[in-house]
Amino acid sequence: RELGTSVIMYGAAHESNRTLVDVRKQTNFFQRGQDGQAGGVQSQVKPDFGPQTPSEGQGITVCGATPYVVNYNLMLDTADVSIAKQISKLIRGTSEGGLAGVQAMGYLKGTTQSGEYVAEVACNLTQPTSREG
């Protein structure tokens, strides 16, 4: 049954084995304007299933197959997304001195119960049993 949702595949579920990081960089899900509001659903990645143009009501579903990954998210006591981005850059494995197997990004998360926006550092630990780094 067609649900009207655009679906983008990654990892072993996609023929190119593209990463979730690459997909996220090519969509605007984690991007918000200065006012904290999302700018509508946009993607430079052609959906693998469903409508080729994501709808505002349904958005985008991202589905993949990867080895075991631990997700660890840190909400910061600030709405300053630049702080979350700085922390992410310092800890991600691709940065000099970063932690092996850590994928990280900083973004402005939706509102808390009090209605305030908060910055968040979202991490994927791709080598959760590693003692390196």
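User: Which residues make up the largest nonpolar core?

Analyst: The largest nonpolar core has seven residues in all: Leu76, Ala84, Val102, Ala104, Ala119, Val121 and Cys123. Such a core is a set of buried Ala, Val, Leu, Ile, Met, Phe, Trp, Tyr and Cys residues joined through side-chain atoms within 4.5 Å. Both β4 (102-111) and β5 (117-125) supply at least two residues of this core, and its largest share, three residues, comes from β5. There is also a second, separate core of five residues, with Ile8, Tyr10, Leu20 and Val23 among them.

Please keep in mind that this is a predicted model: local features need pLDDT of at least 70, side-chain atom pairs count only at pLDDT 80 or more, and totals for chains, interfaces and linings use all residues. Residues are numbered from 1 along each chain as its sequence is written, and side-chain values use heavy atoms, with hydrogens and water left out.

User: What does Ala84 touch, not counting residues up to four places away in sequence?

Analyst: Ala84 touches Leu76, Gly106, Tyr107, Ala119, Glu120 and Val121. A contact here means heavy atoms within 4.5 Å.

User: Why does Thr5 count as buried?

Analyst: Buried means under 20% relative accessible area, exposed over 50%, and partly exposed in between (1.4 Å probe, protein chains only). Thr5 has 14% relative accessibility, so it counts as buried. Thr5 lies in the segment before β1 (6-11), and its contacts beyond four places in sequence include Phe49, Pro51 and Thr61.

User: And why does Asp22 count as partly exposed?

Analyst: Asp22 has 36% relative accessibility, so it counts as partly exposed. Asp22 is found in helix α1. Its C-alpha atom is separated by 9.6 Å from that of Val45, 23 residues apart along the chain.

User: How many helices and strands does the chain have?

Analyst: The chain has two helices and five strands, in the order β-α-β-β-α-β-β along the sequence. Helices (H or I, at least four residues) and strands (E, at least two) are DSSP runs, numbered from the N terminus.

User: What is the average pLDDT of the chain?

Analyst: pLDDT is the predictor's confidence in each residue, from 0 to 100. The chain averages 83, and 84% of the residues score at least 70.
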